[in-house]
Amino acid sequence: AIALVHNVSQNSIGEGDTIVPYVDVENSITYIDVPWTQDPLTLEYIFPSTTKNNCGNGACDTIGDECLCSTTVSESHVFNDLPSRDDALASLKIGAFDPTLSGSGYTLLESGSGVDAYATSSTMVIGHSTTVFGLIDETGETIFLKNMKSDVTFGGEYVMRNPMSFIDLVKVDERDVMYEIDAFLKHLISHPSAAPYVSKRLVQFMGVSNPSPAYMERVTSAFISGIFTSNGGEVFGNNKYGNLAAVAAAIVLDPESVSAVLDSDPSNGNTREPLLKLIQVMRSLSFERRPQMSFRYGFFDDLHGDIGQSVFMPPNQFSFFSADYTPSGVFNVAE
């Protein structure tokens, strides 16, 4: 892992203020993982280390048990010709503003393979780092990507892709922080595992603890496409990725959810954790606690021992059950 540091003594936040801590060489704790190159014979990762290669055989300076490397940034274009949509998504990592906006200075140069190429009036070629490609990503959203790659070289030897950042390393602005958080959340929900993960959790919350793979595939498809059509022909959703109306309809109107045959299957349905079972019973009895009455008496005495779940002492930050936990049972298919 590496940390980006900045060695100026003062920043522009205010007079007398020192460099913000997360880029201070003495105090930085913001480390990021790097996919280092592997040695083809030993399969060991090649990176500057104080213990293995004297910080890259002198390429970087040794500071305690860490290496401090000078850096250079190099930028160049990626494609000389119009790429396919898949190639553009795989190779381009830097976003761009919408070149179709009035006054952007960009002109549509070429279209094909699901990609539109926009160039400035001063270049008018695809093979330039200012060229912008417009395309639809995996979630169905139109995005714009620069025809550029940006690499960082450490100590003149080690190369990695320049990590994106919305935040100025010297002057931190709240607006930039919000932009970066928004981009991070969008990255998470756009991850290939997000749709099946969220869909499964919603199915479990809606009453099926152990959904079949076929059930999950149908709900996940509704999450990704943003549309669901019932057997009666009614359409839910707006064709946008993650539309919850489509997902909810796919869950409650699925054959496995409405089949009366599955009601007689003891492995079908929802298994609640002990505390939620108790809460459900008390709600069904319209339970109301008297203000002067403590939960420590009567039925609630030593509650955690009776139900096997200590409410305020979960084993870890993920609560009592892992996110991928499902009770044992046989998958059933409703015809």
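**Exercise 1.** Determine which residues form a nonpolar patch on the surface, and how exposed L188 is.

*Solution.* The patch consists of M178, I181, F184, L185 and L188, with about 490 Å² of accessible area together. Patch members must have over 30% relative accessible area and no salt bridge, and nonpolar side chains (Val, Leu, Ile, Met, Phe, Trp, Tyr) are joined within 5 Å, where a salt bridge is a side-chain nitrogen of Lys or Arg within 4 Å of a carboxyl oxygen of Asp or Glu; areas come from the Shrake-Rupley method with a 1.4 Å probe. L188 belongs to helix α3 (residues 174-190), a DSSP run of H or I with at least four residues, whereas strands are runs of E with at least two. Because its relative accessible area is 43%, L188 is partly exposed, the class between buried (under 20%) and exposed (over 50%).

This is a predicted model, in which local features need pLDDT of at least 70 and side-chain atom pairs count only at pLDDT 80 or more, while totals for chains, interfaces and linings use all residues. Residues are numbered from 1 along each chain as its sequence is written, and side-chain values use heavy atoms, without hydrogens and water.

**Exercise 2.** Classify the ring pair of W36 and Y158, and state whether its two residues are buried or exposed.

*Solution.* The structure holds six aromatic pairs, meaning rings of Phe, Tyr and Trp (its six-membered ring) with centres within 6.5 Å, stacked under 30 degrees, edge-to-face over 60 and otherwise tilted. With centres 6.5 Å apart and planes at 85 degrees, W36 and Y158 are therefore edge-to-face. Both W36 and Y158 are buried.

Note on methods. Patches are made of residues with over 30% relative accessible area and no salt bridge: like charges are joined within 9 Å, nonpolar side chains (Val, Leu, Ile, Met, Phe, Trp, Tyr) within 5 Å. Buried means under 20% relative accessible area, exposed over 50%, partly exposed in between (1.4 Å probe, protein chains only).
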